[in-house]
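Visitor: I have a structure open and would like to walk through it with you. Could you show it here?

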Amino acid sequence: MLNVIICGAPGSGKGTQSDFIVKKYQLTHLSTGDILRKETASGSKFGKLIDSYTSKGELVPDELMVNILAKQIDSLPAGSKGVILDGFPRTVAQAEALEKMLAERGQKTSILVDLQVGKEELIDRLLKRGQTSGRSDDNLETITKRLEVYEEKTKPVSAYYQKLDKYTPVNGIGTLEEIFDRIDIAIKACR
Ligand code: AP5
């Protein structure tokens, strides 16, 4: 099994590059942002609770996220070649829960790819996307909050995976193909 975590600040290209990785390695794409947006769009009570965090740029509480992810992992199709985790883990507590969850299933994380993109470029990309995305969190106020939350809560996840010798920083600036080539080299090296 190849289990790839793709990490990086909001707008760093996690979703975009996940599509390339899925295509090449036939992995199952688990995007926690997409899962949460789907639940919110359903209009359920749970979706409304989720929206009360996401629309402000805050993280959904760890306990809820870990339960959501465990359900996804337990419903992977038989014969799955592995997963690409996009947007999870976002806190050290989530990273610890993930590694425990994988170990209980006889698996482990193969690599964490950390897309590195400067703040100005991130804001530029997200504001541009906000013109058409309809996402309630693609506005300057919420983007600023998301970047603060990333610095405070998600950056420490890198150190956690550095200790496990799974951490690989990748330059996230360039064409989509150039960035994917860098990721591909890193994935091949971890196998
Ligand atoms: P999530 O959906 O994960 O949002 P995010 O991390 O803020 O990331 P984005 O989807 O905005 O960006 P991305 O890095 O995927 O970049 P993309 O490829 O789209 O999470 C949303 C919210 O849900 C969170 O804020 C939180 O509230 C909640 N949440 C999710 N997971 C959670 C968890 N585990 N725990 C708690 N809460 C959680 O690209 C962005 C734009 O840039 C696109 O328009 C794209 O076309 C463009 N682009 C991509 N690559 C390039 C390039 N190389 N050059 C130029 N433009 C590019």
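Visitor: At what angle do H1 and H8 pack?

Guide: Good place to start, and do keep in mind that this is a predicted model. The contact involves Thr16, Gln17, Phe20, Ile21, Lys24 and Tyr25 of H1, with Leu176, Ile179, Phe180, Ile183, Asp184, Ile187 and Lys188 on the H8 side. The axes of H1 and H8 are 10 Å apart, and the packing angle is about 55°.

Visitor: Which word describes how H1 and H8 lie to each other?

Guide: Angles of 65 to 115 degrees would count as roughly perpendicular, and those under 35 as roughly parallel. The angle between H1 and H8 is about 55°. The two helices are therefore oblique.

Visitor: Within what arc do the buried residues of H1 fall, seen down its axis?

Guide: Lys14, Gln17, Ser18, Ile21 and Tyr25 are the buried residues of H1. An α-helix has 3.6 residues a turn, so residues three or four places apart point the same way. The buried residues of H1 line one face of the helix, because they fall within an arc of 110°.

Visitor: Which helix is included in what covers those buried residues of H1?

Guide: Strands take part in the cover: E1 (2-8), E2 (28-31), E3 (82-86) and E4 (111-116).

Visitor: Is Gln26 buried, exposed or partly exposed?

Guide: Gln26 sits in the loop between H1 and E2. Although not a glycine, Gln26 has a positive phi of about 50°. Its relative accessible area is 47%, and the cut-offs are under 20% for buried and over 50% for exposed. Gln26 is therefore partly exposed.

Visitor: And how do H2 and H4 lie to each other?

Guide: H2 spans residues 32-41 and H4 spans residues 62-74, with axes that come within 11 Å. Thr32, Ile35 and Leu36 of H2 meet Met65, Ile68, Leu69 and Gln72 of H4. The axes cross at roughly 100°, so H2 and H4 are roughly perpendicular.

Visitor: Which peptide bond is cis, with omega near 5°?

Guide: Look at the loop between E3 and helix H5 (92-104), where Pro89 is found. The cis bond is the one from Phe88 to Pro89.

How values were computed. Residues numbered from 1 in each chain as written. Predicted model: local features only at pLDDT ≥ 70, side-chain atom pairs only at ≥ 80, totals over all residues. Heavy atoms only, no water. Buried < 20%, exposed > 50% of the residue type's maximum accessible area, 1.4 Å probe, protein only. Helix = DSSP H or I, 4+ residues; strand = E, 2+ residues; numbered from the N terminus. Arc of directions from axis to C-beta. Contact = heavy atoms within 4.5 Å. Axes fitted to C-alpha atoms, helices over the stretch in contact; angles between N-to-C directions. Parallel < 35°, antiparallel > 145°, perpendicular 65-115°, else oblique.
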